[in-house]
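This report describes one protein, beginning with a single pair of residues and ending with the chain as a whole. Please keep the structure in view while reading.

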Amino acid sequence: VSSQSGNDIYSAGRSITIAINFTGEVNVVTTGGTPTLELETGSVNRKATYSSGSGSNVLIFNYTVQDGDTAADLDYISTSALALNGGTIKDASGNDVTLTLPSPGSAGSLAANAALIIDTTGPSAPSSLTTSSTTTNDTTPRIDGKADQNSTVKLYNGSTLLGNDLADSNGDFFINTSALTEGSYSLTATATDSAGNTSSMSDALSITIDTTSPTLTSSSESN
């Protein structure tokens with residue numbers, strides 16, 4: 001059992017293609033149901049569904065990662081994880097094929113042949129957004145904050161992206177905004193981990209850009 005998807009960290013919504021190799025040609029009939037491969041994905045086990053390969057020695061199963069799924073090294077649940085589910089898998093002579101798989105984690109198993117990590121947990125929202133002065137004439141102010149280490153932080157005004165940075169090993173980041181015009185802004189940030197999971201928005205930091213020089217409105221002369 002192997003994967004035709006690259007070794008990677010997979011988040012919700014991404015698909016993984018799993019291949020089961022047989023010693024000879026097999027034929028799949030799905031009239032009564034579609035064969036499945038049950039995977040170990042945390043509190044709820046998911047099933048990869050047969051999609052193609054009938055008439056060859058390799059059957060393809062597809063699995064789409066769902067919210068809540070997790071696996072440090074994706075594998076199927078047991079040697080009997082391949083189920084007909086009302087369908088049939090027969091060899092070229094019409095005999096039922098043996099459905100027993102290698103033991104999970106052993107040679108020939110999915111985990112042994114691939115390195116597929118399932119991570120659907122988003123990072124914490126960035127926190128402690130600060131700047132040296134919340135009213136400034138600097139049109140590209142520096143914004144500092146904290147986020148999960150090694151997450152990609154994006155800074156927004158509303159839905160407008162103002163900049164991004166990679167939080168360091170201590171979770172510290174700073175972003176110099178893109179050029180802002182005079183006015184008031186409500187800045188928020190999100191963090192995205194290496195699997196592509198994105199946090200909720202941070203609390204807002206309100207700043208004001210003031211580039212207008214003061215003017216003298218009146219004067220008086222005294223004796």
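Are Arg46 and Asp69 buried or exposed? Arg46 is buried, and Asp69 is buried as well; buried stands for under 20% relative accessible area, exposed for over 50%, and partly exposed for the range in between, with a 1.4 Å probe and protein chains only.

The model is a predicted one, in which local features need pLDDT of at least 70 and side-chain atom pairs count only at pLDDT 80 or more, while totals for chains, interfaces and linings use all residues. Residues are numbered from 1 along each chain as its sequence is written, and side-chain values use heavy atoms, with hydrogens and water left out.

**Salt bridges**

In the whole structure, 5 salt bridges are found. The term denotes a side-chain nitrogen of Lys or Arg within 4 Å of a carboxyl oxygen of Asp or Glu.

| Salt bridge | Closest N to O |
|---|---|
| Arg46 and Asp69 | 2.7 Å |

Arg46 and Asp69 form a salt bridge. This pair links distant parts of the chain, 23 residues apart: Arg46 is in the loop between β4 (36-38) and β5 (47-52), and Asp69 is in the loop between β6 (56-64) and β7 (70-71).

Because Asp172 lies in strand β16 (residues 172-176) and Lys146 in strand β13 (residues 142-146), the pair ties together parts that are 26 residues apart in sequence. Asp172 is partly exposed at 33% relative accessibility, and Lys146 is partly exposed at 33%.

In the remaining pair of the table, Asp8 has a relative accessible area of 34% and is partly exposed; Arg14, at 32%, is partly exposed too.

**The chain as a whole**

The protein has 1 helix and 18 strands, where helices (H or I, at least four residues) and strands (E, at least two) are DSSP runs numbered from the N terminus. Its C-alpha atoms fill a box of roughly 120 × 35 × 25 Å along the principal axes. Of the 223 residues, 37% are buried. Among contacts (heavy atoms within 4.5 Å) with a separation of 6 or more, 65% join residues 24 or more positions apart.
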